[in-house]
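Biologist: I'm new to this one and could use a guided tour. Could you show me the model and help me read it?

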Amino acid sequence: MSHDLMLKEAKYQSAMQVFRGWLEQGIITQADYVKAEQLMREKYHPLLGTLFSDMALT
C-alpha cells in the first residue's frame with residue numbers, strides 16, 4: 001500500500017471514529033452516521049475501511 005493510500009485510510013478511520021463517538025453519545029442519528037460514512041468513503045476511497053462498513057455497531 002502506498003503512503004498516499006495509507007494516509008487516506010488513516011484519515012477515513014479517524015473521521016469515522018469521531019462519527020461513531022457522536023452516534024454513541026446521541027449527538028447524531030443513525031441516518032446522519034450513514035450519510036457521514038458515505039461522504040467519507042467518497043472523499044477518502046478507503047481500502048480497508050470498506051471491509052467493515054457493513055458491520056453492525058452493536
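Biologist: Thanks! In what order do the elements of the chain run from the N terminus on?

Modeller: They run α-α-α. The secondary structure comes to 3 helices and 0 strands; helices (H or I, at least four residues) and strands (E, at least two) are DSSP runs, numbered from the N terminus. Keep in mind that this is a predicted model, where local features need pLDDT of at least 70 and side-chain atom pairs count only at pLDDT 80 or more, while totals for chains, interfaces and linings use all residues. Residues are numbered from 1 along each chain as its sequence is written, and side-chain values use heavy atoms, with hydrogens and water left out.

Biologist: What share of the 58 residues is buried?

Modeller: Buried means under 20% relative accessible area, exposed over 50%, and partly exposed in between (1.4 Å probe, protein chains only). Here, buried residues make up 28% of the 58 residues in the chain. The chain exposes about 4300 Å², and carbon and sulfur atoms supply 60% of that area; accessible areas come from the Shrake-Rupley method with a 1.4 Å probe, and for residues only the protein chains shown count as cover.

Biologist: Now for charges. How many salt bridges does a search of the whole structure find?

Modeller: Side chains of opposite charge can pair when their charged atoms come close. A salt bridge is a side-chain nitrogen of Lys or Arg within 4 Å of a carboxyl oxygen of Asp or Glu. The search finds 1 in the whole structure. K8 forms a salt bridge with D4, their closest N and O atoms being 4.0 Å apart. The two residues are 4 apart in helix α1, so about one helical turn separates them. K8 is partly exposed at 29% relative accessibility, and D4 is partly exposed too, at 43%.

Biologist: And E9, is that residue buried or exposed?

Modeller: E9, found in helix α1 (residues 3–25), is buried yet has no salt bridge. For charge, Lys and Arg count as positive and Asp and Glu as negative, with His and the chain ends not counted. The nearest side chain of opposite charge to E9 is R20, 9.5 Å away. A polar atom of the E9 side chain does lie 2.9 Å from the backbone nitrogen of L47.

Biologist: Which residues form a nonpolar patch on the surface?

Modeller: Patches are made of residues with over 30% relative accessible area and no salt bridge; like charges are joined within 9 Å, nonpolar side chains (Val, Leu, Ile, Met, Phe, Trp, Tyr) within 5 Å. In this model M1, L5, M6, L47 and L48 form one, with about 470 Å² of accessible area together. L48 sits in the loop between α2 (30–44) and α3 (49–52) and is partly exposed, at 43% relative accessible area.

Biologist: One last thing: what is the phi of H45 near?

Modeller: Most residues other than glycine have a negative phi. H45 has a positive one, near 50 degrees. H45 lies in the loop between α2 and α3 and is exposed, with a relative accessible area of 52%.

Key:
Polar contact = N/O pair within 3.5 Å; in protein donor to acceptor, adjacent residues only side chain to side chain.
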